[in-house]
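Trainee: Hi! I'm new to this one, could you walk me through it?
Mentor: Happy to, let's bring it up and start with a single residue.

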Amino acid sequence: MPEAPLGGAAALPSPVRPRAALDALLLRGGLWVAAAVLAVGLVLPLATLLLRAFEDQAGQFVGLANFAAYVTTPALLGAAWNSAWTAALTTLVVVPTAFLYAYALTRSCMPLKGLFRAIMLIPVLAPSLLPALALIYLFGNQGMLRGLLMGESIYGPIGIVIAQCFYCFPHAAIILAVALSTTDARLYEAAEALRAGRLRIFATVTLPGARYGLVSAAVVVFTLVVTDFGIPKVIGGQFPVLATDVYKQVVGLQDFNMGAVVGIVLLLPAVGAFLLDRWAQGKRAATLSGRAVAYVPRPRRGRDLPLLGLCLGVAAVLVGILAIAVWGSLIRFWPYTLSLTLDNYDFARFDATGWDSLLVSVRMAALAALLGSVLVFCTAWLLERGTPPSRLGGAVRFAATLPLAVPGLVLGLAFILFFNHPANPLGFVYGTLAILVLNCVVHFYTVAHLTAVTAIRQLDPEFEAVSASLKVPAWVTFGRVTVPICLPAILDIAVYLFVNTMTTVSAVIFLYGPDTKPASVAVVHMDEAGQASAAAAMAVCILGVTLSAKLLQVATGGLVERATQRWRRRV
Amino acid sequence: MTDSALAERRAAAVARGEAPYLVVDQVSKTFGTVMALERVSLTVEAGEFVSFLGPSGCGKTTLLRAIAGLDPATSGRISQAGRDITALPPAARDFGIVFQSYALFPNLTVAENIAYGLRGPSWPKPRRAQRVEELLSLVGLAEHIRKYPAQLSGGQQQRVALARALANEPGLLLLDEPLSALDAIVRLHLRQEIRALQRRLGVTTIMVTHDQEEAMGVSDRVVVMSRGHIAQIGRPEEIYRNPANPFVAGFVGRSAHFTARVDTPPGMLQAEDDGCRIEADAARGMLYGNRVEVFIRPEDVRLSRADAGGAGSFAVTVSHLEFLGSVCRLTLEAGTHRRLEADLAPDAAQALGATPGAKLAAAVPPARVLVFPADA
Ligand SMILES: Nc1ncnc2c1ncn2[C@@H]1O[C@H](COP(=O)(O)OP(=O)(O)OP(=O)(O)O)[C@@H](O)[C@H]1O
Ligand SMILES: [Mg+2]
């Protein structure tokens with residue numbers, strides 16, 4: 001039997017095994033590094049958390065026993081219910097207000113829009129503890145306006161909902177402003193041509209156009225409230241919610257297994273919200289065609305004046321709450337001796353770490369911003385352009401979107417369980433700055449990642465092909481072309497990571513060590529010790545740092561723009 | 001004989017012009033389950049200008065990217081200048097490429113873009129600057145050296161991309177729809193310029209296009225592709241005059257198309273729908289009763305007055321007339337089903353009285369009728 005086929009044409013050509021260039025191998029190595037960071041900082045800790053929920057204190061597998069104990073403990077179930085209804089109430093208050101505020105910013109001709117836009121962002125820069133402390137000044141046991149509550153206490157659901165409204169407002173307003181500003185003007189022209197009335201246009205064009213934005217905003221607010229730890233910790237009093245329960249189980253009772261169970265319960269609404277939001281975003285993108293015409297509002301007093309009034313009111317509340325906190329931190333003895341003093345800023349008197357905790361926070365935030373933006377941007381580029389599509393890339397891409405669905409408290413708990421495990425060789429990082437930085441970068445990874453991906457996708461997809469044809473390694477093009485073009489986005493990412501790392505409480509409260517207590521945790525401790533003024537002072541310091549960072553970005557933005565974006569100008 | 005000695009001998013053969021410069025042998029490419037290229041084979045001689053022509057999605061870009069190594073072939077072999085490059089990464093090959101989007105680096109000036117690949121010890125600064133100037137004058141952009149791409153017109157950007165691709169003096173120039181982002185007049189001008197430049201430099205060039213006029217106008221040879229296969233390779237006039245199969249006949253140039261059966265006497269065809277009979281030399285050797293596909297080009301239709309039609313002519317009615325400047329294109333109804341097109345000089349059309357509704361006699365020289373056996 002002849003073994004060779006008869007005609008050459010009938011022979012199956014041999015499959016090609018492409019030889020990878022050295023630089024392709026290195027880039028793939030880079031992707032492995034990113035995968036390793038996300039594995040150590042996200043996937044493995046979460047897996048440990050899941051496992052612990054099915055074990056008893058001694059490490060024996062007990063199936064669903066912990067969950068059964070959870071469901072049969074009325075106090076714990078009650079906390080879940082409390083979380084749900086305060087979150088729902090906050091959503092009901094915040095979303096309509098934020099909608100009108102965003103509507104005023106995008107669809108009216110009221111004056112001072114830029115100022116209102118800036119004021120709207122203030123709460124993002126402050127730790128969530130700050131509004132809670134301000135409310136205590138106003139309505140607490142020594143509060144000036146305590147009478148307004150008619151015998152009710154601010155410590156509990158009332159305080160939580162009011163403080164959450166302050167804290168969540170910008171998040172909803174940003175989403176809604178984007179949703180409203182991307183509606184197609186041609187729809188309005190068509191509606192007017194059909195002689196539809198204003199109310200009818202609002203109901204048939206404006207609301208449907210923004211409906212996915214509304215869904216997103218509601219989902220985001222609900223999740224923020226359920227997963228926030230700082231506000232219920234400071235102003236929740238004896239009112240139990242999920243977030244404080246996790247803390248109590250872990251820090252108070254040292255029951256890590258029940259902590260893991262409550263953590264998983266906390267994870268559920270967050271994951272559900274995450275999926276719902278993804279759905280809404282997909283729908284929203286689909287409604288916008290590339291040829292949409294931007295809507296330009298025309299002045300109309302009947303609409304502009306009421307909206308201006310509303311914006312003034314909201315802005316007054318936002319600034320007012322902030323001002324109360326600043327003022328309170330400068331008062332000698334609230335509310336009896338109202339003379340001003342800087343005593344409350346002498347932190348060493350209230351907390352052993354004194355001013356050091358602020359330095360720790362700044363160092364931690366600077367490192368998170370620096371390392372985080374490098375990691376996030378390089379990884380996004382490797383995924384989008386640097387490496388061909390692969391299973392590893394798919395896994396990294398998935399892991400990058402996951403942190404959005406993981407509340408900080410859950411991530412922090414997962415970190416303790418993972419890094420404190422006796423068998424973990426990485427255990428030595430526990431309590432160091434490194435673990436705090438890793439935790440913060442992972443915690444805020446998704447938004448940063450999406451910003452980077454959006455920026456990179458705007459580049460021509462053939463840059464890497466062109467440089468390969470010119471025998472220039474891909475990373476040279478990355479450094480000479482991709483990074484300079486995307487520098488504004490990279491700065492955005494860095495500032496985002498910096499601000500959020502400065503203000504976060506929930507994730508880091510489980511992870512700091514004796515020398516690495518962040519300022520936000522110091523705020524919680526001083527408040528716990530009854531030093532509300534010092535706590536407010538520290539919160540104001542945090543705000544000062546984040547505000548400076550933001551202002552610095554605005555100031556240098558122009559310089560960076562001039563240095564790296566000259567080519568955008570057409571002449 | 002050692003591998004390297006063999007490779008050297010092959011390269012020498014290419015240099016003497018005995019072996020083709022580029023050999024694509026049985027190349028296939030699959031994306032998941034989609035077969036984008038199926039056993040494609042072709043050769044390109046040194047200094048030749050070859051176009052890949054075909055409808056959208058037929059695999060032109062895929063083949064070009066396989067040659068470049070950007071999306072390596074799944075199977076098969078590609079060799080360039082006697083060297084097997086099938087598995088090499090793009091950076092280890094020898095080509096320059098221009099994309100439809102140009103992919104100019106927007107934050108680098110024209111000069112920096114062109115000098116992008118001129119790095120390393122063999123390109124000291126003065127030599128690099130000199131080369132950039134040389135290239136810029138080659139493409140006629142000397143005065144724009146310091147501008148950014150966004151400040152240039154589409155045609156100028158295209159030339160910068162061309163200069164950048166040629167900077168390293170590559171042995172092979174690949175162009176993927178280089179002109180499709182430009183308007184018609186600039187396109188015509190630039191394609192002639194590219195061709196002139198290619199002749200001057202003698203660089204082997206492959207251009208992907210779906211514009212047949214473009215492919216026919218500038219190429220030494222055209223590769224017509226269809227659904228991942230090569231339908232025909234040939235000089236432009238070969239492809240137009242002697243299409244190898246119904247696909248090429250229908251895709252390249254205009255034609256009226258119908259199916260018919262071979263009738264008697266030999267060389268006679270009878271249309272399937274209305275029974276109209278027509279003579280075709282190409283049908284002489286075919287068996288009686290076979291189904292065939294018939295194509296008639298507009299310039300092959302000879303028109304005369306209705307009463308002056310000789311043997312083999314048939315009656316037609318003018319249904320529509322398009323004035324295209326140098327020619328008039330008539331749409332003709334023959335019988336109840338047939339629609340033909342005929343190109344005619346405007347004067348001749350006037351002399352014939354060819355206005356909509358006019359009745360004329362039409363004939364097609366039997367030598368010019370394109371006939372292909374129908375598959376099914
Ligand atoms: N990355 C890919 N993944 C999956 N399928 C692909 C990919 N690239 C191309 N294809 C498929 O391979 C086939 C050939 O695509 P190719 O881009 O080569 O077409 P083309 O001839 O260049 O068409 P066009 O004129 O539209 O550019 C198409 O069916 C296309 O859908
Ligand atoms: Mg193509």
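Mentor: Let's begin with B:Arg39, which sits in strand 2 (residues 34–44) of chain B. Helices (H or I, at least four residues) and strands (E, at least two) are DSSP runs, numbered from the N terminus. Before going on, note that this is a predicted model, where local features need pLDDT of at least 70, side-chain atom pairs count only at pLDDT 80 or more, and totals for chains, interfaces and linings use all residues. Residues are numbered from 1 along each chain as its sequence is written, chains are lettered from A and ligands numbered from 1 in the order in which they are written, and side-chain values use heavy atoms, with hydrogens and water left out.

Trainee: Thanks! What is phi of B:Arg39 near?
Mentor: Phi is near 45° there, a positive value in a residue other than glycine.

Trainee: Which residue in chain A has a positive phi?
Mentor: A:Lys471 has one, with phi near 60°, and that residue is not a glycine either. A:Lys471 is in the loop between helix 19 and helix 20 (474–503) of chain A. With 39% relative accessibility, A:Lys471 counts as partly exposed.

Trainee: Back to chain B. How many helices and strands are there in chain B?
Mentor: Chain B has ten helices and 20 strands. Its C-alpha atoms fill a box of roughly 80 × 55 × 40 Å, taken along the principal axes. Of the 376 residues of chain B, 50% count as buried.

Trainee: Which residues does a cis peptide bond join in chain B?
Mentor: B:Thr264 and B:Pro265, with omega about -10°. B:Pro265 belongs to the loop between strand 11 (256–263) and strand 12 (268–271) of chain B.

Trainee: Now the ligand. What surrounds ligand 1?
Mentor: Several chain B residues, including B:Phe31, B:Ala36, B:Lys60, B:Glu177 and B:His210. To be near a molecule, a residue needs one of its heavy atoms within 4 Å of it.

Trainee: Where do polar atoms meet ligand 1's oxygens?
Mentor: A polar side-chain atom of B:Thr62 lies 2.4 Å from an oxygen atom of ligand 1. A backbone N or O atom of B:Gly59 is 3.0 Å from a ligand oxygen, and a polar backbone atom of B:Cys58 is 3.2 Å from one. A polar contact is a pair of N or O atoms within 3.5 Å; within protein, one must be able to donate a hydrogen and the other to accept it, and residues adjacent in sequence count only if both atoms are side-chain atoms.

Trainee: Which side chain does B:His144 join by a polar contact?
Mentor: The side chain of B:Gln156, at 3.3 Å. B:His144 is in the loop between helix 4 (125–138) and helix 5 (154–166) of chain B, and at 11% relative accessibility it counts as buried. Not counting residues up to four places away in sequence, B:His144 touches B:Val110, B:Leu152 and B:Gln156. Contact here means heavy atoms within 4.5 Å.

Trainee: Chain A again. Is A:Gly156 buried or exposed?
Mentor: A:Gly156 is buried, because its relative accessible area is 1%. A:Gly156 lies in the loop between helix 6 (129–139) and helix 7 (157–181) of chain A. Leaving aside neighbours within four places in sequence, A:Gly156 is in contact with A:Ile235, A:Gly236, A:Gly237 and A:Phe239. The C-alpha atoms of A:Gly156 and A:Ile235 are 6.4 Å apart, although these residues are 79 apart along the chain.

Technical notes. Buried means under 20% relative accessible area, exposed over 50%, partly exposed in between (1.4 Å probe, protein chains only).
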